[in-house]
Amino acid sequence: MTKLSVIYYSSTGTLHAMAKRLAEAGEKAGAEVRLRQVPELAPAEAIASNAAWSQHFDATKNEPKATADDVVWADAVLFGTPTRYGNVSSQLKQFIDTLGPQWGQGLLADKVYAGFTASMTAHGGQESTLLALYNTIHHFGGLVVAPGYTDPLKFGDGNPYGVSHVTGGSNDAPLGDAQLNALDHMAQRVVKIAGKLNG
């Protein structure tokens, strides 16, 4: 059975919803799945200043937190982060930066990786965030299995680099069919390719 880890950071819930959908799709594709949140690094006063952030933090603070073992264990890893000035969030980046010992032992290589992200505005750094994330995967010796346009549904969400969502000016637009279908496709694809590599 292919082992899939979905490791993400979410401040107000969008990435959390995307990660849950990926985990469900991975299980439907026959994978054993670990869904893991990386720890919050922001100061309490910053979280408290945003009601949605504070509510999401309280609702998810007891969820399982990501560890290095969740990456080492997996055959495929899906990393999720909101865009931060067109780059990976500090919370996910800090987690990745702790993987030096595992990287040094070659334990992060030869796995399948892909990413997912969200921003408030269309073209708000989504593609550059995923490309920045993949710089790290190249250093791991990992295999980036972006969805590309491997299914006509990808013309619906329009992102060949991974899956992304625009949350809108109020930062609460729900995931639509295009995003949900794209998330399902990406999970199925990485599970399938990882299975072939292990076969």
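**Entry 1: a helix pair**

I started with two helices and saw that α1 passes α9 in a right-handed crossing. A reminder to myself before going on: this is a predicted model.

Next I looked up the geometry of the pair. Helix α1 covers residues 14–28 and helix α9 covers residues 177–198. They pack at an angle of about 50°, and their axes are 8 Å apart. That angle makes α1 oblique to α9.

Then I asked which residues meet where α1 and α9 touch. From α1 I noted Met18, Arg21, Leu22, Ala25 and Gly26. Across from them, α9 brings Leu180, Leu183, Asp184, Met186, Ala187 and Val191. Sorted by class, this contact holds eight nonpolar residues, one polar and two charged.

**Entry 2: the largest pocket**

I moved on to the pockets and took the largest one, whose volume is about 390 Å³. I found 20 residues lining this pocket. Nearest its centre lie Pro82, Thr83, Arg84, Met120 and Asn171.

Which elements give two or more residues to this lining? I wrote down α1, β3 (76–84) and β5 (112–119). So my helix from the first entry turns up here again, as one of these elements. Strand β3 has the largest share of the lining, with three residues.

I also checked the classes for the largest pocket: its lining has 12 polar residues, seven nonpolar and one charged.

**Entry 3: the second largest pocket**

My last stop was the second largest pocket, which holds about 200 Å³ of space.

How do the lining residues of the second largest pocket divide by class? I noted eight polar, two nonpolar and two charged.

Definitions and conventions
Residues numbered from 1 in each chain as written. Predicted model: local features only at pLDDT ≥ 70, side-chain atom pairs only at ≥ 80, totals over all residues. Heavy atoms only, no water. Axes fitted to C-alpha atoms, helices over the stretch in contact; angles between N-to-C directions. Helix = DSSP H or I, 4+ residues; strand = E, 2+ residues; numbered from the N terminus. Parallel < 35°, antiparallel > 145°, perpendicular 65-115°, else oblique. Left-handed = near helix turned anticlockwise from the far one by under 90°. Contact = heavy atoms within 4.5 Å. Nonpolar A, V, L, I, M, F, W, Y, C, P; charged D, E, K, R; others polar. 1 Å grid on protein atoms, 1.4 Å probe; cavity = no way out; pocket = protein on both sides within 12 Å on 5 of 7 lines; lining within 4 Å. Points joined across faces, edges and corners; volume = space filled by probe spheres on them.
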